[in-house]
Amino acid sequence: MKVYEQLLQIREEKGAGYLVLIDPDKQSMQEAIELARVCSESGVDGLLLGGSLMFTHIFDDLIKGIKTASPLPLIIFPGSTRQLSPYANAILYLSLISGRNAYYIIGDQVLAAPIIKSMNLEAISTAYMLIESGNITSAQFLSDTRPIPREKPDISVAHAMAAELLGMRMIYLEAGSGAHLSVPEEHIAAICRYTSLPVIVGGGIRAPEEAARKVAAGASFIVTGNVIEKNRDRALISAFADSIHTR
Ligand code: 1GP
């Protein structure tokens, strides 16, 4: 089964899915592999791997190591075309549609496409939207784009509608890694009212109750990175999973 179908099945069976982001820059290879193992034993539904920069040159080895420790789907969440590997299960093929920087809307995708094809890697076309989060995040700074204002859910809806009409398959609402404020529920609810694409929400989510509010607003998948990387606590991971799974 394709990873995209697996994700839809998780949403169907559990109400919403829990994805943990592993950023290779924030931990050693051994720590990343151990975290993946703990996640697979604590109710997590899938792993995202990637980051805004990426200082490591051992991406393939890291993915192989994680896959020996965890059966969870491993999905690349790329900061750039340098984050590609045939050993992953899929890649979120992101287009930063909230920005007006052509390189991150289509430029990097063109560079990556022939490599992804040659790797036979499943690409999940995903509309990536940055939402204002109270601080300048790495994604905002490095992409040189402005986020969508927090008090303008109508702008998010129009972008999501465009993504749906363009045939994209998921929406990723991103406050940015380490965001002071996570994506407002109003944006999630408005997008879910007017479009039918599955919505992934991430950035700055620090507590299970906060994750539950995003799911109640309509999020199909919740991503946490920092909070788990800093705590690596099995009980906290399970609490997130329980708050996200409504069935
Ligand atoms: C970032 O959405 C992810 O792309 C996760 O963010 O590290 O703030 O949880 P955090």
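Which pocket does the space taken by the ligand form? That space is the largest pocket, where a pocket, on a 1 Å grid over the protein atoms alone, is an open set of points with protein on both sides within 12 Å along at least five of seven lines.

The model is predicted: local features need pLDDT of at least 70, side-chain atom pairs count only at pLDDT 80 or more, and totals for chains, interfaces and linings use all residues. Residues are numbered from 1 along each chain as its sequence is written, and side-chain values use heavy atoms, with hydrogens and water left out.

The protein has 10 helices and 8 strands, taken as DSSP runs (H or I of at least four residues for helices, E of at least two for strands). Its C-alpha trace spans about 45 × 40 × 35 Å along the principal axes.

Around the ligand stand 13 residues, of which Glu174, Gly178, Gly204, Gly225 and Asn226 come nearest; a residue counts as near if one of its heavy atoms lies within 4 Å. By class, this shell has 3 nonpolar, 9 polar and 1 charged residues, with Gly counted as polar and Asp, Glu, Lys and Arg as charged.

A polar side-chain atom of Glu174 lies 2.3 Å from one. Backbone N or O atoms take part at Gly203, at 3.0 Å, and at Gly225, at 2.8 Å. The protein covers 96% of the 310 Å² of accessible area that the ligand has on its own, by the Shrake-Rupley method with a 1.4 Å probe.

Key:
A polar contact is a pair of N or O atoms within 3.5 Å; within protein, one must be able to donate a hydrogen and the other to accept it, and residues adjacent in sequence count only if both atoms are side-chain atoms. On a 1 Å grid over the protein atoms alone, a cavity is a set of points where a 1.4 Å probe fits but cannot get out, and a pocket is an open set with protein on both sides within 12 Å along at least five of seven lines; lining residues have an atom within 4 Å of a point. A molecule sits in a cavity or pocket if more than half of its atoms lie within 2 Å of its grid points.
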